[in-house]
Amino acid sequence: MSVTPLNIAILGAGLLGQLSAWRLLKHNHRVELFEQAPRHKQHSAAWTAAAMLSPMSEVVISDRRIYDLGMRSIALWESWLSELNVLDALFQRKGSVILAHAHDENELHQFYQELNYHLGEKNNAKWLTRNELLELENDLNPEFRQAIYLPDEAHLNNRALLNTLTTFIEENAIVHWQAPVYLNEENPQLAAFDLILDCRGNGANESLANLRGVRGEVLHLHCPEVSIQRPLRLMHPRYKLYLVPRPGQHFIIGATELESSDTSPVSVQSALELCSALYTLNPAFAEARIIELDANLRPALKDNMPAIVEQKHGDTRVIAINGLYRHGYLIAPALVETLLATI
């Protein structure tokens, strides 16, 4: 069935904005993208994120819908990135590993019980002995006695992905950098469009109720002495930490959630916690070089679930997509698929 091309304005050039623009262009719609930041300044939560695709890890502390959206999104990532011939460069599906120190192993057992509760027969997590763990990741500290392997999970090279999408969109659409747009103000420029997509994340707080920022902090480092193939999650009663590999023995380590809207630089306490956890994974990380410390706010709604909301700007239809919380890369493709069906 043919679809009449629409003139569509997209507000926000983060993950949702660029992903939506890409897919709408593939469906022959006419797109203009508006972003308040300069082209060279990467400031979005999508740029800071570690880009883990972890539906099983997230269902334990979230909603079953996140798992379903995540599994669908992993399939879409594989399909869509194949179209750009960048699948192998940007997408890795080697599963992930859940770890705990000996005195925290009860956290592992609780995690597995929660998987059974939420997934039932779909729980294909596998317990690993120390030897099985070292066969999978032989550079890990041998002091870990057991672990849980989640074979369905994956991860993306998010910054390379965003750069790829930006290049494609600039070649096929009009992009307005340093062009903030506010939907609570009359804007004749937007009246020319058939549809407005609001993908501004935290920038939409003037038009979307109950939107808040949830802080995430990450440390980027380079450690030639250590080779890790897949994301690791270290369980702890007080905080959960993750390590995600990048090409060339680069790594990202971060805390999954800090309930704060603070946008200041990473604190000494947070940096010490991240580095201490890193050292326990492998003492060789003590000689790693810190490349970057970054903090950003993930947009979240009251229930920490995503929402697609219909609005109006004058006579123009507005669809706002927001509240991806820490699930951005995990669920964005499925939400964009829903958006395309809605349009």
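The radius of gyration is taken over C-alpha atoms, and the globule rule is 2.2 Å times the number of residues to the power 0.38. With 343 residues, a compact globule would have a radius of gyration near 20 Å, and the protein agrees, with 20 Å. This is a predicted model, in which local features need pLDDT of at least 70 and side-chain atom pairs count only at pLDDT 80 or more, while totals for chains, interfaces and linings use all residues. Residues are numbered from 1 along each chain as its sequence is written, and side-chain values use heavy atoms, leaving out hydrogens and water.

**Overall picture**

- The C-alpha trace spans about 65 × 45 × 40 Å along its principal axes.
- The protein has ten helices and 17 strands; these are DSSP runs numbered from the N terminus (helices H or I, at least four residues; strands E, at least two).
- Of the 343 residues, 54% are buried, meaning under 20% relative accessible area with a 1.4 Å probe, protein chains only.
- Among contacts (heavy atoms within 4.5 Å) with a separation of 6 or more, 75% are between residues 24 or more positions apart.

- Let's turn to an open sheet with mixed pairing, whose six strands have the order 9-2-1-10-17-16; two strands pair if DSSP finds at least two bridges between them.
- Strand 9 (174-176) and strand 16 (307-313) are the edges, and each has a single partner strand, so one side of each is left without a neighbour in the sheet.
- On average, neighbouring strands of this sheet are turned by 20° against each other, direction ignored; axes are lines fitted to C-alpha atoms, for helices over the stretch in contact, and angles run from 0 to 180 degrees between N-to-C directions.

- Strand 1 (7-11) and strand 2 (30-34) run parallel and are joined by five bridges, with Ile8 opposite Val31 in strand 2.
- From strand 1 the chain passes through helix 1 to strand 2 in a right-handed β-α-β crossover: with the strands pointing away from the viewer, the path from the first strand over the helix to the second runs clockwise.
- Helix 1 (residues 15-26) lies across strands 1, 2, 10 and 17, at about 165° to strand 1.
- Strand 2 also runs parallel to strand 9, through three bridges, and Phe34 stands opposite His176 in strand 9.

**Antiparallel pair: strands 16 and 17**

- Seven bridges pair strand 16 with strand 17 (residues 316-322) in the antiparallel sense, and Ile308 has Ile321 of strand 17 as its bridge partner.
- Helix 10 (residues 328-342) packs on the sheet, touching strands 10, 16 and 17, and its direction makes about 165° with that of strand 17.

Definitions and conventions:
Buried < 20%, exposed > 50% of the residue type's maximum accessible area, 1.4 Å probe, protein only.
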